[in-house]
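Work through the exercises below with the structure open. Try each task before reading its solution.

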Amino acid sequence: MESLDLFAMRENYNRQQIMLCFNGPISRSLIEEIGNALRNYLAAEHAHPSAAMDVFAVYIEMTQNIRHYTRQKNWSDQEAGATVVVARDEHGRYVVSAGNLIEDADGDTLLAAIHELADLDKAQLKAMYKEQLRKPRDGQTASGAGLGLIDIARKSSEPLHASLQPVANGLSFISLSAVI
Amino acid sequence: MNDFTIPGSQSSPTIQSHWEDGVLSMQGDSYPENSYELFHQVFEWIERFLDETARPLRLELRLLYLNTSSIKAMMDIFDLLEAAYRDGKDVAVNWYYDRRNERVVELAEEFKEDCTFPFSILSHD
């Protein structure tokens, strides 16, 4: 086995201003625990309460979206993993990113929905959010522009960034990133 | 027994009902994965109260962060109050917030936009 260079990993995380990262199967309690750590870090950094709440909210929506999707697919723990990173960019803004495996067709739909959101201004996003809020629960599919995704877009200071990477066996890896 | 108490957790609010006083209160954060389970009991209690009594009903809220699934559940509750108000019932919401947390005000304001019944957003010190 290739030996782990923890020092190099640490240097990388520090250089990229990564506050917190996680890779692996994600459970409900893990989402809460990591969220708790995130809140503590943000408080320790004296983040503005509104910014801290937005970062936390985006983290929760992203990770719960992944949980809903993988549960809907009845995937094993291994397939149902998530990669989550909270970092700061060169301007000191918080960047919340999350990635997971997704069926190719769902990935295309999700990517299209994210690109659609990217063209909307704050007023249009609010209108779409309220419209989605009024839709019956059954009509909500994880691959559409769901409430969580619109909420993330509303809390972001830049259009959402997303990309899709083919993996194997009809699966791709979707990466979503939001700048708060 | 008409009343219930749900103890809060890290991701779910504390909820108490007071049938005699006509008050339902909720405090804390709400971001469970399945908010339907949590709010179902609240929804049913309010529905029954509005059905069985003609007394005023007050919601006393000190809610902080709500995930989108909790927001959807809260909207169902406010829709229920709105329908009762249009039927001539005395219903009201008081949402208390900490002055330092402007996101809570924005959240409450967005709910208020869709309600015509008395909906107060009040700072507490």
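**Exercise 1. Check the length of helix α1(B) against its residue count, then find what packs on it.**

Step 1. Helix α1 of chain B covers residues 35-52, which makes 18 residues. Helices (H or I, at least four residues) and strands (E, at least two) are DSSP runs, numbered from the N terminus.
Step 2. The expected span is 1.5 Å times one less than the number of residues. For α1(B) that gives 26 Å, and the end C-alpha atoms are 26 Å apart, so the two agree.
Step 3. Pick out the buried residues. A residue is buried if 20 or more other C-beta atoms lie within 10 Å of its own, exposed if 12 or fewer, and partly exposed in between, with C-beta atoms placed from the backbone. In α1(B) the buried ones are Ser35(B), Phe39(B), Val42(B), Ile46(B) and Phe49(B).
Step 4. Find the cover. It includes β2 (14-18), β3 (23-30), β4 (57-66) and α2 (68-86) of chain B. Contact here means C-beta atoms, placed from the backbone, within 7 Å.

Two conventions apply throughout: residues count from 1 along each chain as its sequence is written, while chains are lettered from A and ligands numbered from 1 in the order in which they are written. This is a predicted model, where local features need pLDDT of at least 70, side-chain atom pairs count only at pLDDT 80 or more, and totals for chains, interfaces and linings use all residues.

**Exercise 2. Decide how far to trust each chain and the complex.**

Step 1. Chain A has a mean of 91, with 95% of its residues at 70 or more. Chain B has a mean of 94, with 98% at 70 or more.
Step 2. Where pLDDT is low, the predicted coordinates should not be read in detail.
Step 3. Take the complex scores. The predictor gives an ipTM of 0.92 and a pTM of 0.93.

**Exercise 3. Describe the side of chain A that touches chain B.**

Step 1. Count the partners: 16 residues of chain A are in contact with 13 residues of chain B.
Step 2. Assign elements. α2 (28-44), α3 (49-72) and α6 (147-155) of chain A each supply at least two residues of this side. α3(A) gives the most, with 9 residues.
Step 3. Sort by class. Ala, Val, Leu, Ile, Met, Phe, Trp, Tyr, Cys and Pro count as nonpolar, Asp, Glu, Lys and Arg as charged, and the others, Gly among them, as polar. The side has 7 nonpolar, 4 polar and 5 charged residues.

**Exercise 4. Show which way α2(A) faces.**

Step 1. List the buried residues: Ile31(A), Leu38(A) and Leu42(A).
Step 2. Find their partners. These residues pack against β1 (18-25), α3 and β2 (81-88) of chain A.
Step 3. Turn to the other side. Ser29(A), Glu33(A), Asn40(A), Ala43(A) and Ala44(A) are exposed there.

**Exercise 5. Locate the centre of the largest nonpolar core.**

Step 1. Define the core: a set of buried Ala, Val, Leu, Ile, Met, Phe, Trp, Tyr and Cys residues joined through C-beta atoms within 7 Å.
Step 2. Of the 61 residues, Val55(A), Phe56(A), Val58(A), Tyr59(A), Met62(A) and Val96(A) touch the most other members. α3(A) gives the most to this core, with 11 residues.
Step 3. Follow Met62(A). Not counting residues up to four places away in sequence, Met62(A) touches Val96(A), Ala98(A), Ile152(A) and Leu176(A).

Terms used:
Contact = placed C-beta atoms within 7 Å. pLDDT = per-residue confidence, 0-100.
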